[in-house]
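I am opening my notebook on a new structure.

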Amino acid sequence: MSFIEVNDIWKTYGDNVVLERVKTNVHAGEFITIVGASGCGKTTFLKMLLGTEYPTRGKILLNGKPIPQEPSEDRGIVFQKYSVFPHLTALQNLVLTIELEQSRWLAHLFGSAYRLADEQAREMLAMVGLQHAANQYPHELSGGMQQRLAIAQALMKQPKVLLLDEPFGALDPGIRADMHELILKIWNQTKINVFMITHDLKEGFYLGTRLWVIDKIRHDAQAPNAYGATITYDIPVGQCDNSTLNEIDQSLEHSRKEHAA
Amino acid sequence: MDEPLLLRNGTMKRVMNIHPGTVGKVLLGMLPFILTIIVYLWASGVRLEANPNDKLMPSLTTIGAAIERLAFEPSKRTGDYELWSDTTASLQRLTLGVLIAALIGLLIGILNGAIPLVRANLSPYITILSLIPPMAILPILFIVFGLGELSKVMLIVIGITPFIMRDLQARTLELPAEQLIKAQTLGASTWQVMVRVIIPQILPRLIQAVRLSLGPAWLFLIAAEAIAAEQGLGYRIFLVRRYLSMDVILPYVVWITVLAFLADWLLRQISYRAFPWFHSQLQDKS
Ligand SMILES: Nc1ncnc2c1ncn2[C@@H]1O[C@H](COP(=O)(O)OP(=O)(O)O)[C@@H](O)[C@H]1O
Ligand SMILES: [Mg+2]
């Protein structure tokens with residue numbers, strides 16, 4: 001049985017068909033990168049995995065059961081920004097995850113329980129290279145450090161699925177390379193299921209085990225919203241040569257132009 | 001001025017680009033106050049020369065004597081030091097009214113902002129309620145709560161709660177949805193999202209809202225005291241108005257202004273100390 005089954009889902013907003021006939025299976029531990037022209041429905045797809053949007057038709061199954069229609073602990077998320085809590089220090093941002101689990105009403109831990117949580121949180125900070133920033137607030141951290149913190153926070157819950165929506169889109173290229181290293185290290189250690197949207201095709205090829213391209217197959221020049229996008233390429237990364245890369249690049253370029261027109 | 005006024009080529013900078021230094025700022029800030037005092041003293045002198053019994057613009061000595069009488073001599077009628085008993089009475093009403101309003105405003109504002117079911121229920125009702133002019137229902141308050149402390153406190157509460165409530169609802173709705181979703185993926189329940197994500201981030205905004213409400217709060221306090229009270233800053237001003245006692249009214253007005261300034265300053269200091277992350281965020285934006 002596949003870990004995630006996407007059974008012929010459609011997503012429409014009014015007359016706007018965003019996604020259509022998306023069918024795919026995902027095995028545990030796969031690292032899927034998703035590319036596609038802006039506005040084609042990548043975030044919408046991720047939101048359906050997250051549980052903040054629902055398919056108009058069709059079903060997504062997680063471990064054979066319909067995916068819960070609200071966010072939960074088994075699916076972690078990192079957005080491009082606003083992913084950490086600005087009123088908590090880096091350390092507190094991580095300790096919070098344990099406090100939420102262990103203290104139902106106060107949502108605060110004290111004494112030895114707190115010290116234990118503090119220790120666990122510091123370990124995670126060290127893992128993402130933020131041990132020196134434990135007492136800093138997010139606004140005192142650089143963009144890259146904030147995203148490290150956001151990833152660390154999501155990992156504290158040991159989710160089965162990690163959803164990343166252009167997590168490095170706002171970072172400088174040099175810092176992005178560091179982040180790639182981090183995310184690969186995490187994936188190698190945890191074999192967590194990663195879905196990562198990126199607008200950088202090279203990034204998609206370098207990072208994942210499987211690359212999806214989301215795009216429209218059918219077009220109607222009179223009614224651009226009449227047809228939705230679907231997964232047009234689904235290729236195992238590593239078994240892919242430069243000509244495929246160029247082909248995808250061109251198809252993306254094509255739909256970008258069409259979008260603009 | 002700390003910065004040069006002239007550019008290297010000898011021309012003067014645009015006025016909008018000239019910033020006063022620290023000392024310059026203080027001096028420039030003092031100037032209007034000093035000018036006001038000078039103008040007052042001059043006008044008062046002219047009037048008193050024409051008519052030594054003029055009550056409209058008393059001299060500094062007359063005002064000084066009034067202050068001495070009110071602040072440092074027990075009143076013949078009650079035995080109180082009137083300035084202080086008036087101040088305590090007013091500040092008690094103000095503090096109590098503002099505290100109650102802040103609590104109600106926080107509670108309903110956050111519930112309205114965070115829980116769609118509550119918002120659907122309450123939001124239209126609150127919008128309408130907040131349109132009622134509080135002064136128009138002051139008579140009702142006197143009838144229902146009597147002429148004692150309660151009706152004065154209630155006027156402040158009714159006067160400023162709607163603003164605080166609606167402001168905090170808007171501030172809550174402004175919190176990025178990403179944060180609320182993130183908290184849920186970390187396993188937070190609705191209650192936990194409220195206590196760990198929403199309330200801590202709304203508290204500094206509550207202080208902001210309270211600072212903005214202090215002006216109206218003073219207005220309602222003085223209005224209520226003017227109509228029915230035995231003591232209080234507003235009561236005193238309206239009492240001595242009958243005798244044209246400008247020597248009492250003027251220092252009272254200055255004193256109320258000082259108190260209002262101090263209250264605002266205190267709240268700002270508390271906010272800076274307690275929520276450093278909030279104020280650096282604001283700086284980022286400006
Ligand atoms: N809540 C919504 N209501 C209506 N239309 C939406 C909503 N969310 C997204 N859309 C539309 O769905 C399409 C896909 O959006 P999105 O998934 O964000 O694209 P991407 O992430 O690929 O750039 C866009 O045309 C967008 O306007
Ligand atoms: Mg997107």
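**Entry 1: the ligand**

Which residues surround ligand 1? I remind myself that this is a predicted model. I listed the shell in chain order. It holds A:Tyr13, A:Asn16, A:Val18, A:Ala37, A:Ser38, A:Gly39, A:Cys40, A:Gly41, A:Lys42, A:Thr43 and A:Thr44. I then sorted the shell by class. I found four nonpolar, six polar and one charged residues.

Next I asked which elements of chain A each supply at least two residues of this shell. They are β2 (16-26) and α1 (42-50). Helix α1(A) gives the most, with three residues.

I looked up polar atoms beside the ligand oxygens. A polar backbone atom of A:Gly39 is 2.7 Å from an oxygen atom of ligand 1. For A:Gly41, a polar backbone atom is 3.0 Å from a ligand oxygen. A:Thr43 uses its side chain instead: a polar atom there lies 2.6 Å from an oxygen atom of ligand 1. I also checked the cover. On its own, ligand 1 has 550 Å² of accessible area, and the protein covers 59% of that.

**Entry 2: β1 and its partners**

β2(A) came up in the shell, and I followed it to its neighbour. Strand β1 (residues 4-13) of chain A runs antiparallel to β2(A), and seven bridges join them. I picked out one bridge: A:Glu5 has A:Asn25 in β2(A) as its partner.

How many residues lie between β1(A) and β2(A) in their hairpin? There are two. A:Gly14 sits in the turn and has a positive phi of about 60 degrees.

β1(A) also pairs with β4(A). This pairing is antiparallel too, over five bridges. Here A:Trp10 stands opposite A:Arg57 in β4(A).

**Entry 3: strand β9**

Why do I call strand β9 of chain A largely enclosed by the rest of the structure? Six of its seven residues (210-216) are buried, so the rest of the structure largely encloses the strand.

I looked up its pairings. Strand β3 (residues 31-36) of chain A pairs with β9(A) in the parallel sense, over five bridges. In that pairing, A:Thr33 stands opposite A:Leu211. Strand β10 (residues 229-236) of chain A pairs with β9(A) in the antiparallel sense, over seven bridges. There I noted A:Asp215 opposite A:Thr230 in β10(A).

**Entry 4: aromatic rings**

How many aromatic pairs does the structure hold over all chains? I count seven. One of them is formed by A:Phe45 and A:Trp212. Their ring centres are 5.7 Å apart, with 70 degrees between the planes, and the pair is edge-to-face. It links distant parts of the chain: A:Phe45 is in helix α1, A:Trp212 is in strand β9, and they are 167 residues apart.

Buried or exposed: what is A:Phe45? It is buried, with a relative accessible area of 2%. A:Trp212 is buried as well, at 0%. I then widened the view. A:Phe45, A:Phe195 and A:Trp212 form one aromatic cluster.

I turned to chain B for another pair. The rings of B:Phe275 and B:Trp277 have centres 6.3 Å apart and planes at 80 degrees, so I wrote the pair down as edge-to-face. Both B:Phe275 and B:Trp277 are buried.

**Entry 5: backbone angles**

Most residues other than glycine have a negative phi. I looked for exceptions. A:Asn63 has a positive phi near 55 degrees. Where is A:Asn63 found? It is in the loop between β4 (57-62) and β5 (65-66) of chain A.

A:Glu166 is not a glycine, yet its phi is positive, at about 45 degrees. This residue is in the loop between β7 (161-165) and α5 (173-190) of chain A.

**Entry 6: a helix in chain B**

B:Thr185 is buried, with a relative accessible area of 2%. What lies 2.6 Å from a polar atom of its side chain? It is the backbone oxygen of B:Lys182.

Definitions and conventions:
Residues numbered from 1 in each chain as written. Chains lettered and ligands numbered in written order. Heavy atoms only, no water. Near = heavy atom within 4 Å. Polar contact = N/O pair within 3.5 Å; in protein donor to acceptor, adjacent residues only side chain to side chain. Areas by Shrake-Rupley, 256 points an atom, 1.4 Å probe, with all protein chains shown as cover. Helix = DSSP H or I, 4+ residues; strand = E, 2+ residues; numbered from the N terminus. Nonpolar A, V, L, I, M, F, W, Y, C, P; charged D, E, K, R; others polar. Buried < 20%, exposed > 50% of the residue type's maximum accessible area, 1.4 Å probe, protein only. Pairing = 2+ DSSP bridges. Phe/Tyr/Trp six-rings, centres within 6.5 Å; stacked < 30°, edge-to-face > 60°.
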